[in-house]
Amino acid sequence: MSADVFSKVKEILNNIQNEKVGNLNDLESFRIKYLGSKNEIKSLFGEIKNVENDRKKEFGQLLNDVKQSAEEKYELLKASLGSALTDNENTGIDMTAPCEPISFGSRHPVSIVMNRIIGIFERIGFTVAEEREIEDDWHNFTAMNTPEDHPARDMQDTFYLKDSTVELLRTHTSSVQARIMTTQKPPIRIIAPGRVYRNETISSRSHCQFHQVEGLYIDKGVSFADMKQTLLYFAREMYGPKTDIRLRPSFFPFTEPSAEMDVYWGLKTEDDHRITKGTGWLEILGCGMVDPNVLTNCGIDPTVYSGFAFGMGIERQAMLQFKITDIRQLFENDARFLKQFSGVI
Ligand code: PHE
């Protein structure tokens with residue numbers, strides 16, 4: 001009897017040593033067979049009672065050896081197969097196969113230019129402020145020193161909402177100035193990107209919706225020279241380190257004095273002549289010192305604080321940058337047009 005069980009154990013030991021394990025599936029079968037909850041060795045432990053007393057110790061020893069050799073072989077195989085997981089036999093994945101092409105999305109040219117502008121101002125401490133597109137008359141006009149019946153309201157044809165003369169689609173991002181000044185205390189240094197609306201005839205050069213970036217800086221002792229230097233820095237970051245600017249006197253109800261800033265674009269090509277109407281200069285933005293009336297309207301004391309503001313359109317700059325000739329292309333969302341900007345950031 002006991003000779004039988006001894007030979008059975010030896011047979012199992014032999015089997016363990018000869019078992020061929022080539023992949024993770026084989027390894028799992030091996031584990032179940034020799035180390036699982038119903039493994040072959042376990043059943044033999046029950047045979048101890050049938051072994052002669054003087055051989056019980058020897059038998060027990062043998063069983064332990066078998067168990068140990070199964071465990072050792074399992075651990076060894078697991079380590080070597082685990083590190084060879086790239087083998088497609090193990091994972092079913094062929095790591096050498098060429099990958100599926102991933103097509104990159106593209107940013108909208110308006111976003112590309114807007115993000116560049118924001119980045120330039122963020123680097124000198126401006127923070128982004130975003131506000132509502134549906135505004136009220138007070139923030140868009142009255143607070144900005146443009147009371148009702150003021151002729152300057154005609155400068156911007158307004159979309160009013162639902163027979164209302166109070167609710168409107170903002171005509172410029174300057175409304176954000178009023179929003180910020182009435183809710184924050186100076187020093188204020190913000191940049192406000194966003195969409196604006198004007199009731200204009202749509203053509204290749206103008207649209208009823210477009211984007212602006214507004215800037216506002218209010219603190220004690222802010223001067224026109226600060227504004228000029230800030231805008232020069234912007235122009236050189238945006239249009240190249242040697243870019244020249246010029247400020248032409250202008251009028252906006254909410255700034256005094258007011259100016260328009262041109263950058264020197266050059267007159268090298270026929271296109272340059274056309275774009276700059278033969279002058280070489282391109283108008284980029286409107287700016288000025290915040291009118292004391294605007295500060296008062298928004299609860300800031302103009303005898304203590306001063307500031308400058310500026311506002312610029314994005315579409316025209318995007319069109320110049322990417323040689324787009326029709327503004328409508330920026331709003332049609334034709335995938336063939338938009339794909340051309342893939343990879344541009
Ligand atoms: N809001 C003006 C416009 O839309 C631009 C501007 C902003 C001018 C701030 C001066 C100061 O044309």
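Predicted model: local features only at pLDDT ≥ 70, side-chain atom pairs only at ≥ 80, totals over all residues.

Author: To get your bearings, the chain has 14 helices and nine strands, and its domain assignment gives domain 1 (2–87) and domain 2 (109–341). The centres of domain 1 and domain 2, taken over C-alpha atoms, are 80 Å apart. The overall dimensions go along with that picture: the C-alpha atoms fill a box of roughly 115 × 50 × 45 Å along the principal axes. The chain's radius of gyration is 39 Å, whereas a compact globule of 345 residues would come out near 20 Å.

Now for the pair itself. Helix α6 covers residues 109–122 and helix α9 covers residues 224–239. Their axes come within 10 Å and cross at roughly 135 degrees. Angles over 145 degrees would count as roughly antiparallel, and 65 to 115 as roughly perpendicular, so α6 and α9 are oblique to each other. As for handedness, α6 passes α9 in a right-handed crossing.

What do the two helices put into the contact? From α6 you get Val113, Arg116, Ile117, Ile120 and Phe121. Facing them from α9 are Thr230, Tyr233, Phe234, Glu237 and Met238. Sorted by class, the contact of α6 with α9 has seven nonpolar residues, along with one polar and two charged ones.

Definitions and conventions:
Residues numbered from 1 in each chain as written. Heavy atoms only, no water. Axes fitted to C-alpha atoms, helices over the stretch in contact; angles between N-to-C directions. Helix = DSSP H or I, 4+ residues; strand = E, 2+ residues; numbered from the N terminus. Parallel < 35°, antiparallel > 145°, perpendicular 65-115°, else oblique. Left-handed = near helix turned anticlockwise from the far one by under 90°. Contact = heavy atoms within 4.5 Å. Nonpolar A, V, L, I, M, F, W, Y, C, P; charged D, E, K, R; others polar. Domains from an automatic or database assignment. Rg over C-alpha atoms; globule rule 2.2 N^0.38 Å.
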